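Let's take a friendly look at how charged side chains pair up in a protein model. Keep the structure open while you read.

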Amino acid sequence: MEGVDYLADERKKAQFDVDAMKIVWAGSRHTFEISDRISKLVASDPAFRKDDRTMLPRKELFKNTLRKATYAWQRIIELRLSEEEASKLRFYVDEPAFTDLHWGMFVPAIKGQGTDEQQQKWLPLAYKMQIIGCYAQTELGHGSNVQGLETTATFDPKTDEFIIHSPTLTSSKWWPGGLGKVSTHGVVYARLITDGKDHGVHGFIVQLRNLEDHTPLPGITLGDIGTKFGNGAYNTMDNGVLRFDNVRIPRDQMLMRVSQVTREGKYKQSNVPRQLVYGTMVYVRQSIVADASCALSRAVCIATRYSAVRRQFGSQNGGPETQVIDYKTQQSRLFPLLASAYAFRFVGEWLNWLYTDVTQRLQANDFSTLPEVHACTAGLKSLTTSVTADGIEECRKLCGGHGYLCSSGLPELFAVYVPACTYEGDNIVLLLQVARFLMKTASQLGAGKQPVGTIAYMGRIEHLMQCRSDVQNAEDWLKPSVVLEVFEARAARMSVACAQNLSKFTNPEEGFAELSADLVEAAVAHCQLIVVSKFIEKLQQDIPGKGVKKQLEVLSGIYYLFIIHKYQGDFIATSCINPKQASLANDQLRALYSQVRPNAIALVDAFNYTDHYLGSILGRYDGNVYPKLYDAAWKDPLNESDIPDGYHEYIRPLLKQQLRAARL
């Protein structure tokens with residue numbers, strides 16, 4: 001039945017002000033109002049329809065994305081949207097497209113690494129989309145190891161030009177989004193060579209296509225790298241391959257904010273510190289953490305609503321069966337993911353503050369916090385994207401068989417999201433970078449150097465190596481000071497244990513390679529501590545709205561107690577807690593699941609996602625799942641006729657025992 005809210009009874013159970021929670025989730029009333037208005041604008045426009053995406057052949061799918069991206073740009077101009085509103089519009093259109101890389105990587109690279117003159121030349125063209133750019137760094141043979149890139153940019157002093165060249169097959173640029181079919185320009189990363197000397201990897205603006213007819217320029221070979229995981233998913237994006245055959249560009253197209261090549265071919269550093277490049281990296285990683293909370297919250301919203309709609313087993317005297325969400329096995333898998341979505345939201349907010357702080361410090365030539373900021377952003381990118389990718393797949397399983405249908409939205413969401421574990425730094429490689437920072441911090445503790453920021457707890461190492469948790473009953477686990485000390489002690493002890501084991505090796509690099517699995521675990525412990533501490537810090541703020549803070553306290557408890565339960569081996573092995581205390585943590589966790597249960601639907605309503613954005617029949621706001629699933633099945637192209645193509649050639653000869661007549 002249309003117009004009936006099948007989840008109305010669930011919504012009546014809420015013990016908090018949902019509208020107030022919507023503002024907490026959005027970050028501010030201003031952001032909420034923009035998101036709400038733009039998401040409804042997109043949802044109500046049939047040009048942004050996406051329910052047929054998984055059924056389109058690749059060429060049609062790609063052309064449809066070009067149409068949507070161009071139409072979105074037209075709407076941005078017509079409605080005179082601000083930069084913030086335009087960014088939200090692209091977000092709610094919810095389709096990977098060349099514009100993501102243009103605005104998300106190409107423009108920031110020129111802003112971060114171009115001189116004032118270069119910015120004045122290139123940014124107006126990019127802002128008007130008179131040129132479309134991509135970010136050509138990754139190669140066929142090298143991804144994470146940027147210093148290993150093979151593309152060369154050799155300066156020719158005779159002509160005042162760089163010669164961009166791909167010397168090997170593995171030096172082909174491979175993966176940049178927007179490169180394959182759309183981009184007219186790229187920021188290309190290549191080894192700078194002057195007078196036979198290699199100065200390492202630098203960025204260059206290179207025109208790739210003719211601006212009149214879009215053909216590749218002489219010496220440039222480029223195309224799409226082929227179909228990727230999923231049905232629609234990332235196949236809306238033209239991830240590309242690019243090869244250069246001695247392509248010449250003017251010298252002033254090297255991005256020269258930090259280092260320069262003079263007319264005579266001399267390589268020199270500018271007076272702008274190299275560290276400024278870190279600002280862009282912090283910005284990109286902060287946005288990836290924010291995206292993790294969005295993707296995880298979408299999956300959790302779908303799984304929570306469907307778990308309340310779906311009934312299975314437990315019928316008493318012919319009454320209704322039990323809602324799936326009432327089973328503890330469902331709650332113990334679903335509610336920690338709900339808590340994680342909120343936790344990642346708040347750590348993302350804090351990273352936004354950190355980005356502002358770092359930018360101000362860099363402008364004042366204060367680089368003191370950079371190593372800690374680098375480690376912290378690398379670790380949080382790794383932790384949040386790994387948990388989110390696994391969490392989306394868990395939500396699909398929580399929806400049973402129907403979760404496997406593309407119309408559930410979950411297979412597509414997973415396929416679109418999962419590359420986040422690899423791009424902008426492979427997650428394990430990033431954790432090893434965090435581990436290096438932890439080992440360096442541990443080695444300097446005796447030298448009187450005080451650790452800062454998220455690593456400040458290591459300054460209390462003597463206390464943390466000796467303290468024992470004094471938890472005596474389950475409720476003690478609700479005290480923030482108790483929880484923080486346990487998480488700090490575990491992280492510190494795991495780092496110190498790795499540092500002690502490393503010191504036994506005569507060659508530190510050999511030791512690092514041998515102990516890398518342990519080092520990754522220590523890095524995860526450190527990153528989990530950051531997320532827990534930022535969630536607890538959020539709860540120390542004034543949070544308006546009836547019952548809102550109480551719900552966030554329950555979610556924060558679920559977040560950290562679930563980690564203690566899942567990683568209790570770490571906590572017990574490092575003697576931070578004893579087995580009895582681990583058992584009490586689990587008792588308290590179960591009690592918190594019961595407290596979340598009546599509020600679960602309202603907590604996912606607070607994400608304020610339209611049905612269009614969710615893209616899921618199972619996650620519909622009104623819970624009217626079964627009729628809509630049934631209707632959707634008949635829209636599949638396979639159901640256009642009762643008798644399938646191929647019946648006369650294959651099925652009929654098989655049934656009639658006339659295989660010789662079959663056109664095999």
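A salt bridge here means a side-chain nitrogen of Lys or Arg within 4 Å of a carboxyl oxygen of Asp or Glu. With that in mind, look at D5, R11, R305 and D605: salt bridges link these residues in a network. This is a predicted model, and a search of the whole structure finds 35 salt bridges. As a general idea, side chains of opposite charge can pair when their charged atoms come close.

| Salt bridge | Closest N and O atoms |
|---|---|
| D19 and K22 | 3.9 Å |
| R251 and D160 | 2.5 Å |

Start with D9 and K12. Both sit in helix 1 (residues 8–12), three residues apart, which is about one turn of the helix. D9 is exposed, and K12 is exposed too.

Next come D19 and K22, in helix 2 (residues 18–26), again three residues apart, about one turn of the helix. Are these two buried or exposed? D19 has a relative accessible area of 53%, so D19 is exposed. K22 counts as buried because its relative accessibility is 17%, and the cut-off for buried is under 20%.

Now for the last row of the table. R251 and D160 form a salt bridge, with 2.5 Å between the closest N and O atoms. This pair links distant parts of the chain, 91 residues apart: R251 is in the loop between strand 9 (247–250) and strand 10 (259–261), while D160 is in the loop between strand 2 (152–156) and strand 3 (161–165).

Finally, the UniProt record (an unreviewed entry) places the feature "domain: Acyl-coenzyme A oxidase N-terminal" at residues 17–132. Over residues 17–132, the chain is 72% helix and 0% strand, and the end C-alpha atoms are 44 Å apart.

Technical notes. Residues are numbered from 1 along each chain as its sequence is written. This is a predicted model: local features need pLDDT of at least 70, side-chain atom pairs count only at pLDDT 80 or more; totals for chains, interfaces and linings use all residues. Side-chain values use heavy atoms; hydrogens and water are left out. UniProt positions are given in the numbering used here, feature names are shortened, and annotations may be inferred rather than shown by experiment. Helices (H or I, at least four residues) and strands (E, at least two) are DSSP runs, numbered from the N terminus. Buried means under 20% relative accessible area, exposed over 50%, partly exposed in between (1.4 Å probe, protein chains only).
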